[in-house]
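Subject: Structure for you to look at

Hi,

Here is the structure I promised to pass on. Please open it alongside this note, and my findings follow below.

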Amino acid sequence: MTDTATITTGNLNKFEKLKAEKDGLKIKEEIAQIASLGWEAMDETDRDHRLKWVGVFFRPVTPGKFMLRMRMPNGIINSEQMGVLAEVVQRYGDDGNADITTRQNIQLRGIRIEDLPDIFNRFQAVGLTSIQSGMDNIRNITGDAIAGLDADELYDTRELVQQIQDMFTNKGQGNPEFSNLPRKFNIAIAGGRDNSVHAEINDLAFVPAFKEGTGNWVLGTGQDFSPSPVFGFNILVGGFFSAKRCEAAIPLNAWVTPEEVLEVCRAILEVYRDNGLRANRLKSRLMWLIDEWGIDKFRLEVEKRLGKSLLPAAPKDEIDWEKRDHIGVYKQKQPGLNYVGLHIPVGRLYAEDMFELARLADVYGSGEMRLTVEQNVIIPNIPDSRLSTFLTDPLLERFSIDPGLLTRSLVSCTGAQFCNFALIETKNRALSIIQALETELTFTRPVRIHWTGCPNSCGQPQVADIGLMGTKARKNGKAVEGVDIYMGGKVGKDAHLGKCVQKGIPCEDLQPFLRDLLIQHFGAKAKEEALVKGVRV
Ligand code: SRM
Ligand code: SF4
């Protein structure tokens, strides 16, 4: 490092320093060399941090077996790509598996550093990328999981999501313009009426809204004399969860046409990149800048970057449905075609599951699959003529289209099995407790239970009916694994965040605790009681 570099990076925190010393994207050029060195010999800062610019995460829980986070714009993947991911998990993943994430994405596990050059070549051959998916970069952009399939949709989000990803990743090659943000950044575009992307928990979200024709305003070029309403999006900014603070996004008081979304995204990202707070990483997400400036100044700075004024928000947005979970069989807007949502328990997949999903998509559909923020898979484009055979496929016994009403809505973050931030084990525990509760109780509607292993909130407990956040609890004077309980999270129409209602329930006491909660607040009934009243169980 030169003297100048020492001086300019002297007062920066550890992360700003490592970014100033070497752009994270530079690691891309060093992969071959790193692969030949092996993980034990490589530079620690490169290993623990810079590799995340190509989506590779060192896992202290499983040293030498890395996690690889992909990008799946709008959660869309085809059978060829799924096949490649399955092969990577099978051939290179030492005890590997994969997880569908809460951002409609896939993470692979058990990856060895020696295999990265070959893995990246395979990705490139089928149009996959993992670029800029970790550290201070823009995360996977979420869009409507049934975009282009839904007869009721207002806007097909697929192309916009892809355009934005292409802009900030330079079509997957890596873009140094956006590789040093103050912190991570989440973007979502809602295209339907049910807010399937959880717009309110993103740093930047676009929600459908119609603007009345004004007679003096302009679509694309600016001239629109139509009296009928024009489609566009209201913009929300600043939503985020962190261990220190959780906030729902707030309105920017701006409305844009679909054609303007890309440039507005760029302008907002530039304002954040150049002005976001960088001194304290606990206060670096976009909302902290908005707090400091006020929303009006933030909006003004965005307009300066854009070089034009933003129109005020439409008076109301079009999010007026309850959120759909897409599990089960649904008619598409294309006559004669169906999409089928399969429940993937806590999003966990193994290589053979991935090959099988690709097979299902090829044999019965068009080869396409969609991922949801609830960590499930949708197979679209199944003709009526093949539907009944599809429904007898043995894979549906494992990945059900009609799971129990608790299982159906279960979401869980990675937890202690692979994540060193975790205070508790999540995925396996979540499944076994939910299965036990379904044996004991009957339900009249799904109850959305989200597990997250620590206050970072990757499993989004604040959007759940019942959110469980890992913590250290005490029982009989001893430290044990426990959870804080969140309730009241509302998704879809009138979305708002749930609040912590009880702290420190030991995990070993959780099943009876949840049982009472489900009976008292969610209309669950003990099975004996249900039988007496003549309800089928
Ligand atoms: Fe997350 C860090 C997993 C969605 C908030 N998250 C991590 C790390 C990378 C920590 C680590 O190095 O171990 C976790 C990797 C564990 C592993 O091995 O899998 C991790 N986050 C996940 C995933 C896989 C959870 C899941 O099981 O689905 C999700 C991957 C999404 C993706 O495809 O990119 C995931 N993380 C989220 C979400 C939910 C969302 O985006 O809707 C949040 C809350 C929303 C938000 O960010 O505002 C979230 N993750 C965090 C935070 C807290 C951020 C902050 O500002 O402080 C951290 C910690 C950090 O970044 O320092 C974190
Ligand atoms: Fe890991 Fe905590 Fe995120 Fe769960 S919430 S994946 S335990 S960082």
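**Around ligand 1**

The residues that come nearest to ligand 1 are R59, R109, K184, T414 and C458, out of 31 around it; a residue is counted here if one of its heavy atoms lies within 4 Å. Please keep in mind that this is a predicted model, in which local features need pLDDT of at least 70 and side-chain atom pairs count only at pLDDT 80 or more, while totals for chains, interfaces and linings use all residues. Residues are numbered from 1 along each chain as its sequence is written, chains are lettered from A and ligands numbered from 1 in the order in which they are written, and side-chain values use heavy atoms, with hydrogens and water left out.

C458 sits in the loop between β19 (449-452) and β20 (466-475); helices (H or I, at least four residues) and strands (E, at least two) are DSSP runs, numbered from the N terminus.

At least two shell residues come from each of β2 (66-69), β5 (106-111) and β9 (240-241). By class, this shell has 10 nonpolar, 13 polar and 8 charged residues. Ala, Val, Leu, Ile, Met, Phe, Trp, Tyr, Cys and Pro count as nonpolar, Asp, Glu, Lys and Arg as charged, and the others, Gly among them, as polar.

**Around ligand 2**

C458 turns up again among the residues around ligand 2, which also include C413, C419 and C454. The shell of ligand 2 has 6 nonpolar, 6 polar and no charged residues.

**Buried loop residues**

Q375 has a positive phi, near 70°, and lies in the loop between β15 (368-371) and β16 (377-383). Its relative accessibility is 2%, so Q375 counts as buried; the cut-offs are under 20% relative accessible area for buried, over 50% for exposed and partly exposed in between (1.4 Å probe, protein chains only).

H326 has a positive phi too, near 65°, and is buried at 2%. Most residues other than glycine have a negative phi.

H343, in the loop between β13 (337-342) and β14 (348-349), is buried at 3%. Its side chain reaches the backbone oxygen of T407 at 2.8 Å.

**Helix α9**

In α9 (residues 286-293), 6 of its 8 residues are buried, including W288 and W293. The buried residues pack against elements including β8 (230-237), β11 (250-256) and α8 (261-275), with contact meaning heavy atoms within 4.5 Å.

**Confidence**

The chain has a mean pLDDT (the predictor's confidence in each residue, from 0 to 100) of 94, and 94% of its residues reach 70 or more. Over residues 1-8 the pLDDT is below 50, and this stretch has 2 contacts beyond near neighbours in sequence. Where pLDDT is low, the predicted coordinates should not be read in detail.

Best wishes

Technical notes
Polar contact = N/O pair within 3.5 Å; in protein donor to acceptor, adjacent residues only side chain to side chain.
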